Amino acid sequence: DDMLHQAKNSEEKAKKAMVDAARLADELRAEQDHVNSQANAKRALEAQLNEMEQRLADANENAMRGGRAAMAKMEARIRELEIELGNVQAHTSENHKAHQKSERKIKELAFQNDEDRKNQERMSELATKLQSKIKTYKKQIEEAEEIAALNLAKFRKAQQELEETEERSRL
């Protein structure tokens, strides 16, 4: 009996051990499948990471190249603008000098105009005085002509009287 009991126990333990072994084998297979799927996922993620890192490196290189090109363009544009600024400043300076020269010329012309106006006024006054003198001289000439005409008339009258007297004395 005891042996039978031990044999049953041993059989039950063996069955239990086989069930446990089967369960453990299933768990092991499930764990191996899980590990395999995790390893595949890890490899896929590593490949994806490598691809992303390569794309990032390419993008950085392109950005650097593009950035250098953009910087070169900007520097060229800055040089162009500096040259243009220099030209504009030179042109502005020339315009300023021309403006100052024009201002001086305007002042000179205004001064000359004032001098001409003063000379014109003096000439006008002088002309007025000369016209006044001419009128006075004309009046004096007219008076002298009248006196001369009177004296001539008196002389002719006296000459005529003298001729008449001489003729009378001859007779």
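Which side chain meets Glu 80 in a salt bridge? The partner is Arg 77, with an N to O distance of 3.4 Å; a salt bridge here is a side-chain nitrogen of Lys or Arg within 4 Å of a carboxyl oxygen of Asp or Glu. Before going further, please keep in mind that this is a predicted model, in which local features need pLDDT of at least 70 and side-chain atom pairs count only at pLDDT 80 or more, while totals for chains, interfaces and linings use all residues. Residues are numbered from 1 along each chain as its sequence is written, and side-chain values use heavy atoms, with hydrogens and water left out.

Let's start with the overall form. The protein chain has one helix and zero strands, where helices (H or I, at least four residues) and strands (E, at least two) are DSSP runs numbered from the N terminus. Its radius of gyration is 70 Å, well over the 16 Å that the globule rule gives for 171 residues, so the chain is more spread out than a compact globule. That radius is taken over C-alpha atoms, and the globule rule is 2.2 Å times the number of residues to the power 0.38. Along the principal axes, the C-alpha atoms fill a box of roughly 240 × 30 × 20 Å.

Now for the surface. Buried residues make up 0% of the 171 residues in the chain; buried means under 20% relative accessible area, exposed over 50%, and partly exposed in between, with a 1.4 Å probe and protein chains only. The accessible surface comes to about 16,200 Å², and carbon and sulfur atoms account for 57% of that area. These areas come from the Shrake-Rupley method with a 1.4 Å probe, and for residues only the protein chains shown count as cover.

Charges come next. The chain carries 32 positive and 35 negative side chains, and the centres of the two sets lie 7 Å apart. Lys and Arg count as positive and Asp and Glu as negative, while His and the chain ends are not counted; each charge is placed at NZ of Lys, CZ of Arg, CG of Asp or CD of Glu.

The structure holds eight salt bridges. Back at the opening pair, Glu 80 and Arg 77 are about one helical turn from each other because they are three residues apart in helix α1. Glu 80 is partly exposed at 45% relative accessible area, and Arg 77 is partly exposed at 43%. Elsewhere, salt bridges that share partners join Asp 20, Arg 23 and Glu 27 into one network.

Finally, look for two surface patches. Patches are made of residues with over 30% relative accessible area and no salt bridge, joining like charges within 9 Å and nonpolar side chains (Val, Leu, Ile, Met, Phe, Trp, Tyr) within 5 Å. Met 123, Leu 126, Leu 130 and Ile 134 form a nonpolar patch with about 390 Å² of accessible area together. Ile 134 lies in helix α1, which covers residues 2-170, and is partly exposed at 44% relative accessibility. A negative patch is formed by Glu 161, Glu 163, Glu 164, Glu 166 and Glu 167. Glu 161 belongs to helix α1 and is partly exposed, with a relative accessible area of 43%.
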